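Trainee: I would like to go through the labels on this model and ask what each one rests on.
Mentor: Good. Have a look, then ask.

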Amino acid sequence: MRKIVAGYSSPFAKISKWLVAEFKKFGSFGEFSVKNVFDFVEKVKDITLSDDETMISFDVTALFPSIPVNIAIEAIKTHLKNNNVSEHHISVYTNAINKCMQYNCFQFRGAYYTNSFGCSMGNSLSPLVAEAFMSKFEQDLHARQLLPKIWYRYVDDVFAIVKKDDVPRLLNCLNSCFESIKFTTELPDNNRSLPFLDVLVTQVGNKLNFSIYRKPTTTMRYITNDSFCSYQNKLAAFHSMVYRLVRLPLSVADFKSEYEHIIRVADVNGFDKSLVDKLVHKHSNKIKKQQHSTLFEQNRNIATDEERQRFVSFCYAPTITNHLDKPFKRANMKLVYSNNYKLSTALGCTKDTVPINCRSGIYQISCSDCEFKYIGQTRRALQTRITEHMRSIKNKDVQKAIPAHVYNTNHSSKHNINSLDNVKLIKHINDPKKLDAYESIFITKEKHLMNLEKGPIESPLFDLL
């Protein structure tokens, strides 16, 4: 079973992201991986196949859960040494990776589990560990002269050219290296075509030809022209399709076929043919500039941190955000838009529901004998915080709000917070940075309070609520 977890809320989430950013400074782990489909095509477009050779695709079954993490960390150490990193920094990096990878706890149907082997899908460090392991795997095979002459990998998908008679032997060799790592294969179809990434590689004579590949389940439905989204978001899919069209070395027939397909997609989604023509012209000119001059790329690379454009996310509201674009642009910031009206919002959460008493946020405790209420915040489980309030009442700690109300008014404490009947989580909050603001808002809106203080934040803006 593949464990997919929400790693963004892990205690080690920020450390994992920092490590990923740090390792970008040290370059790629090996020579056999490709960055994207354009890098792949550039490397294989001039290859000539002999009559006894064939294309083949290898795929690792469930790569992330199958990785021996200890071997991957040793590969990372070797990579750092090759980049002349000091022993002290290597120790810091590897210790941090160990901590991040050991924290593999997750919850399922009310029970807690820990992952004892492999990497969790959802941990931002897992792709880095997987890349380190696969690079070491390839380098070891290459040192033993077991890899074929052409072997290029993207994550866990491999494109190779091997001798036709060597396919069974190579597959057996790959599957015998590690007990947990198993490969599957895919050979060309009757048209001598093999899909890899999003291109269809076809053998024509002894050369390779490339065309756009789409899965049989694909549809022509994208964000429609009449949808409530920013114009940039509507065009994102067309920018991607057109850029791929003009960047890949397609034959004239394949170029025309893909161009006509994009035209049909535009028509289905309510866009005019002229839009596609403008994008083709724009991306074609941009690629020609980059091919004939390095000036544009150099200018972009030498920009300082202050000169680089920053992106600011806003909820899309045309009457407001349409007027903010120019002021933000003058400050070297670009607006990117989000939309709260999503399909996931309508369908609800597919994960296990967390019980109320296990959530964090802003809570309210009502007195059983009067209309007074206490409003507070908690970063931990609600039940943990309520237990602390019950303890303060039992200890008669009248310096605190709830015990002071109970003993100064002679109101019964038995029914105040002994159960969750009088306790209500009025705002579920995961981000601790928002707790002070929300607590202050709810305290300002409530008239009859046990609270001894007005709230952590005082602002005249709260009077407008």
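Trainee: What makes up the lining of the largest pocket, by class?
Mentor: The lining has 22 nonpolar, 15 polar and eleven charged residues. Ala, Val, Leu, Ile, Met, Phe, Trp, Tyr, Cys and Pro count as nonpolar, Asp, Glu, Lys and Arg as charged, and the others, Gly among them, as polar. The model is predicted: local features need pLDDT of at least 70 and side-chain atom pairs 80 or more, while totals for chains, interfaces and linings use all residues. Numbering runs from 1 along each chain as its sequence is written, and side-chain values use heavy atoms, without hydrogens or water.

Trainee: Which residues lie nearest the centre of the largest pocket?
Mentor: A6, S9, Q107, K351 and V354, out of 48 lining residues. A pocket is an open set of points on a 1 Å grid over the protein atoms alone, where a 1.4 Å probe fits, with protein on both sides within 12 Å along at least five of seven lines; lining residues have an atom within 4 Å of a point. The volume is about 2000 Å³, meaning the space filled by probe spheres set on the points.

Trainee: What is the volume of the second largest pocket?
Mentor: About 590 Å³. Its lining has 22 residues, with S28, F29, S33, P127 and E131 nearest the centre. Helix α6 gives the most, four residues.

Trainee: What makes D39 and K43 a salt bridge?
Mentor: The rule asks for a side-chain nitrogen of Lys or Arg within 4 Å of a carboxyl oxygen of Asp or Glu. For D39 and K43, the N to O value is 3.7 Å, so the pair meets the rule. They sit four residues apart in helix α2, so about one helical turn separates them.

Trainee: How many salt bridges does the rule give?
Mentor: The count comes to 15.

How values were computed: Helices (H or I, at least four residues) and strands (E, at least two) are DSSP runs, numbered from the N terminus.
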